Amino acid sequence: MTEQELTDKVVASFDSAKDDRFREVMQALVRHAHAFVRETRLTDDEWTAAIEFLTAAGHITTDTRQEFVLLSDVLGVSMLTVAVNEPGLDDSTESTVLGPFFVQDAPEIAHGGDIAGGASGEPSWVSGRVTDPGGNPVAGARVEVWEADDDGMYDVQYDRGELAGRAHLFTDAEGRYRFWGLTPTPYPIPDDGPVGRLLDHAGRSPMRAPHLHFMVTAPGFRRLITHIFVAGDPWVDNDSVFGVKESLIRPFDRHEAGTPTPDGRQLQTAWTSTTFDIVLRKE
Ligand SMILES: [Fe+2]
């Protein structure tokens, strides 16, 4: 059997699959995987290394550590999937990767509330408006936000079992939202596992451009999953998961300690502020 005959035979083995989409995806997977092996003339040792890599990725994965998401992220597969599915039409806000640290059921906060919940970092006042493509306010949109602390760690990476640095709130009648978060700081994706070794081998950094995650949902609109990035930060040009889009880079204005805050909160420290207006796509 020639190489091509083998490929054809494996592709054909999925011909009788009952689900059309399953057949299409699996046959494409086989064609591309075979093309990869042929193109690289993959050796036995390399095949073994690949199996060991995937095995290690499985072993290190837990409920709170998702090595396969990291792998997809650093290979740009996550961002390519975003590009295919969320092309950013109608001047709607652009999407980026979900990442591995989203948690369901983060607490609800009132307008102007603080998402920190004990997470350390410099306070940051974040406000904006959620509208449809025509500029009409989307009232009652659920705005979910989450971020790392200033040590670059998400709450779920600690063993405390407490949620911090994440919350949700709902837009008001004018589509507005506002809350206290933390000024985002750069952090490395977890790099003590196989994906970290892969990056090291490639001479690549595990650092992510500093960001604040958003997920915005409202009836009749497509769910938006995105981040905002800190303008001027050097990592914005070299994000390890290729997640940065120009439109999502926001200035975080610095205010010295003692500068009055928008809601009268008394702060002993410096703080920042930023705005992020969001345009949702209709379903
Ligand atoms: Fe993140």
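Author: Phe53, Ala56, Ala57 and Ile60 of helix 3 meet Pro194, Val195, Arg197 and Leu198 of helix 6, where contact means heavy atoms within 4.5 Å. By class, this contact has seven nonpolar, no polar and one charged residues; Ala, Val, Leu, Ile, Met, Phe, Trp, Tyr, Cys and Pro count as nonpolar, Asp, Glu, Lys and Arg as charged, and the others, Gly among them, as polar. The model is a predicted one, in which local features need pLDDT of at least 70 and side-chain atom pairs count only at pLDDT 80 or more, while totals for chains, interfaces and linings use all residues. Residues are numbered from 1 along each chain as its sequence is written, and side-chain values use heavy atoms, with hydrogens and water left out.

Helix 3 (residues 44-60) and helix 6 (residues 194-202) pack at an angle of about 135°, their axes 9 Å apart. Helices here are DSSP runs (H or I, at least four residues), as strands are (E, at least two), numbered from the N terminus. Axes are lines fitted to C-alpha atoms, for helices over the stretch in contact, and angles run from 0 to 180 degrees between N-to-C directions. Helix 3 and helix 6 are therefore oblique to each other, oblique being what remains when angles under 35 degrees count as roughly parallel, over 145 as roughly antiparallel and 65 to 115 as roughly perpendicular.

Helix 3 also packs with helix 4 (residues 67-74): their axes come within 8 Å and cross at roughly 130°, so this pair is oblique. Phe53, Leu54, Ala57, Gly58 and Ile60 of helix 3 meet Glu67, Phe68 and Leu71 of helix 4. The residues of that contact divide into six nonpolar, one polar and one charged.

As for the metal site, the iron ion is coordinated by Tyr154 (OH), Tyr187 (OH), His211 (NE2) and His213 (NE2), at 2.0 to 2.2 Å. Donors are N, O and S atoms within 2.8 Å of the metal (3.2 Å for Na, K and Ca); water is not among the atoms, so sites may look incomplete. Along the chain, the donors follow the spacing Y-x32-Y-x23-H-x1-H. Tyr154 lies in the loop between strand 2 (142-146) and strand 3 (166-170), and Tyr187 in strand 5 (residues 187-188), so the pair ties together parts that are 33 residues apart in sequence.
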